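Hi,

Here is the structure I promised to send over. Have a look at it first, and my notes follow below.

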Amino acid sequence: MTAQDSRARQTECDLLVVGSGAGGLSAATTAAWHGLRVVVVEKDRVCGGATAWSGGWAWVPLNPLAQADGLGIMAGPDLQAFLHATRSPKAFAHASWRIGWHVFDLATRRQGMQLVNGPALIARLLKSADDLGVELWVSSPAKRLLIDDGAVQGAVVETSGGEVTIRARCGTVLAAGGFPGDVGRRRELFPRTPTGQEHWTLAPASCSGDGISLGQSAGGQLETRLASPVAWCPVSLVSYRSGRVGVYPHIVDRGKPGLIAVLADGRRFVNEADGYYDFVSAMVRAVPEGQEVASWLICDHAFQRRYPFGMSKPFPVPVWPYLRSGYLKRGRTLDELARTCGIDPTGLKRTIGQFNRHARNGEDPEFGRGSTPFNRGSGDPDHQPNPSLAPIAKPPFYAIKVLPGSFGTFAGLRTDARARVLNAAGDPVPGLYAVGCDQASVMGGHYPSGGINIGPALTFGYIAGRDCAGAAEYENRGPVPQNDGV
């Protein structure tokens, strides 16, 4: 049953979860498995939050399931097939089959039906939650917490039929996705973001800080003493004919041989094949104060026809749509490209000349690109002697402007090891938990690997669900009966 169907203006449950991403659904499913009656309220009209927009990677290093499957926590065989579709008949067949089925689904069902990455993770969690009787309310934002004598006892939720008071006997979990969509908090907490508009997030607009505001209303503290308040990712802006501006994450292309990143003065500033978080961190540090924090990815014609370059696709996909929209810049010479982009021509030619001399030998004395397993793994194994290095020599030359973006936020509500929200005195706020990006980064704002948001979200969602259920009482219980609707 949905909130929209309910005529009651007040209802009760054991656990109320605010948000339906990985953290919220992990908490909901765990608590329901232990026999609790759970309601999940979601602000958006669909479930999943930022997790459903993501690659679905979870940072759980050396876990037995991944080891048994022979996988690292990196891109799997499906993505590899698409990346090699123009160079391998087997990969081409796989990619064609996948695209064909997607087109068929769009034609017959008006939506994609092949669940992979983040949508697959959310779908599996939703299936488990539904099997256990968890109620899911969409288009139902939590407006304010119910607080009695300092203890959180639920929330008031807005629905299409009006406000509904949900009293939660055991606890309330905040899992609303942090604040990447909150311009005010970005302005206050993000570096080099004077208006809050200089940052572009990959998270949906619904991740706008609601959970953190709710937590603060109950005395919770926003933890900002972190290495970084944000999970950086370099992005480029894609303008569509409709007027909409899309955001593209540069994850795959930067490690391929034959590409560099430069600032407006034409200098390199980072090992381009390092992680996306490191790339943006270096860009923020390197751009002089007072200048726009931005860089340019530069490649030649051979690279553009062989590898994905941002939104532009390799041969046989034509390049002209990206040139027409202005997303991709092109120059017959490096000097022409530099002037088109507003890059210092002398600096760019000097940088590429020095880079090429060493790249021909598979070396990068300036930044050591290709010297680590991570660099080589993100390169092209068919290219030698260094999978991550090749000269930039064949005209015409291409460029894409890159800006600071993010997958989500690291600054969040201070919690203890049981995911309980802490007040100014360091004591738990009774009845209140925070997980996912509403919880302060358990890595202190550091980014050891991809999946560092989803991995802890799943983990602390599980911890919160068990803690709320008083799991020790339920360890030896048999199958949990299905819960009745509200």
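For burial I call a residue buried under 20% relative accessible area, exposed over 50% and partly exposed in between (1.4 Å probe, protein chains only). Cysteine 170 is partly exposed because its relative accessibility is 35%, and cysteine 468 is buried at 8%.

Before the rest, some housekeeping: this is a predicted model, where local features need pLDDT of at least 70, side-chain atom pairs count only at pLDDT 80 or more, and totals for chains, interfaces and linings use all residues. Residues are numbered from 1 along each chain as its sequence is written, and side-chain values use heavy atoms, with hydrogens and water left out.

Back to those cysteines: how many disulfides are there, taking a disulfide as a pair of cysteine sulfur atoms within 2.5 Å? The count is zero. The closest cysteine sulfur to that of cysteine 170 is in cysteine 468, 4.9 Å away, so too far for a bond.

Now the helices (DSSP runs of H or I, at least four residues, numbered from the N terminus). H1 (residues 22–33) and H14 (residues 454–469) have axes that come within 7 Å and cross at roughly 30°, with axes being lines fitted to C-alpha atoms over the stretch in contact and angles running from 0 to 180 degrees between N-to-C directions. So H1 is roughly parallel to H14, as angles under 35 degrees count as that. On the H1 side, the contact (heavy atoms within 4.5 Å) includes Ala22, Gly23 and Ser26, while Gly461, Tyr462 and Gly465 are among the H14 residues.

Cheers

Technical notes. Helices (H or I, at least four residues) and strands (E, at least two) are DSSP runs, numbered from the N terminus. Angles under 35 degrees count as roughly parallel, over 145 as roughly antiparallel, 65 to 115 as roughly perpendicular and the rest as oblique. A disulfide is a pair of cysteine sulfur atoms within 2.5 Å.
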